Amino acid sequence: QVQLMESGGGLVQPGGSLKLSCAASGSIFSVNAMAWYRQAPGKERELVAHITRSSRRTYADSVKGRFTVSRDNIQNTVYLQMNSLKPEDTAVYYCNAQISSGYSNPVYTYWGQGTQVTVSS
């Protein structure tokens, strides 16, 4: 059993900052790529940031220069530092991880439960 637990969402004014965390726990052998997605009301879920186990990062064009994804491979945790937040960043943010529970076990995709980020004055 593997779980992803997110934290750090909330209400922030435009121009402000928030840091999201997502910790993987349970029967874990290895955590490969991790990512953050978001879904705004009435819109499809979109990829925000992606980080490989070796910390190669990619970002959506809309957040480049403002958001930074990082990870702690010892704690099996991924972070999303969000700066210069805009109202259009308002969404539910989900973490995603590719996890194997054993040496010869397949890799499965897991999702967190989501955390609300609201950017408003």
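**Briefing: strands, loops and salt bridges in a predicted model**

S84 lies in the loop between strand 8 and strand 9 (91-100), strands here being DSSP runs of E with at least two residues, numbered from the N terminus. This is a predicted model, in which local features need pLDDT of at least 70 and side-chain atom pairs count only at pLDDT 80 or more, while totals for chains, interfaces and linings use all residues. Residues are numbered from 1 along each chain as its sequence is written, and side-chain values use heavy atoms, with hydrogens and water left out.

**Loop residues with positive phi**

- Although S84 is not a glycine, its phi is positive, at about 50 degrees, and the residue counts as partly exposed at 42% relative accessibility (buried means under 20% relative accessible area, exposed over 50%, and partly exposed in between, with a 1.4 Å probe and protein chains only).
- S55, in the loop between strand 5 (46-51) and strand 6 (57-59), likewise is a residue other than glycine with a positive phi, near 70 degrees, and it is partly exposed at 28% relative accessibility.
- Most residues other than glycine have a negative phi.

- Four strands form an open sheet in the order 1-3-8-7 with antiparallel pairing, where two strands pair if DSSP finds at least two bridges between them.
- Strand 1 (2-7) and strand 7 (67-72) are at the edges and have a single partner strand each, so one side of each is left without a neighbour in the sheet.
- From one strand to the next, the twist averages 15 degrees (axes are lines fitted to C-alpha atoms, and angles run from 0 to 180 degrees between N-to-C directions).
- Strand 3 (residues 18-26) and strand 8 (residues 77-82) run antiparallel and are joined by six bridges, with L18 standing opposite M82 in strand 8.

**Strand 11 and its partners**

- Strand 2 (residues 10-12) runs parallel to strand 11 and is joined to it by three bridges, V12 having V119 as its bridge partner.
- Strand 9 pairs with strand 11 in the antiparallel sense, again over three bridges, and A91 stands opposite V117.

**N96 in strand 9**

- N96, which is placed in strand 9, is buried with a relative accessible area of 6%.
- Its side chain makes a polar contact with the side chain of Q98 at 3.3 Å, a polar contact being a pair of N or O atoms within 3.5 Å, of which, within protein, one must be able to donate a hydrogen and the other to accept it.
- Leaving aside neighbours within four places in sequence, N96 is in contact (heavy atoms within 4.5 Å) with residues including L4, M34, Y37 and W111.

**Salt bridges**

- The structure holds four salt bridges, each defined by a side-chain nitrogen of Lys or Arg within 4 Å of a carboxyl oxygen of Asp or Glu.
- One of them joins E46 and R38 at 2.7 Å, N to O; E46 is partly exposed at 35% relative accessibility, whereas R38 is buried at 5%.
- K64 and D61 meet in a salt bridge at 3.1 Å, N to O, with K64 partly exposed at 48% and D61 exposed at 67%.
- D89 forms a salt bridge with R66, the closest N and O atoms being 2.8 Å apart, and this pair links distant parts of the chain, 23 residues apart, with D89 in the loop between strand 8 and strand 9 and R66 in the loop between strand 6 and strand 7.
- Both D89 and R66 are buried, and salt bridges that share partners join R38, E46, R66 and D89 into one network.
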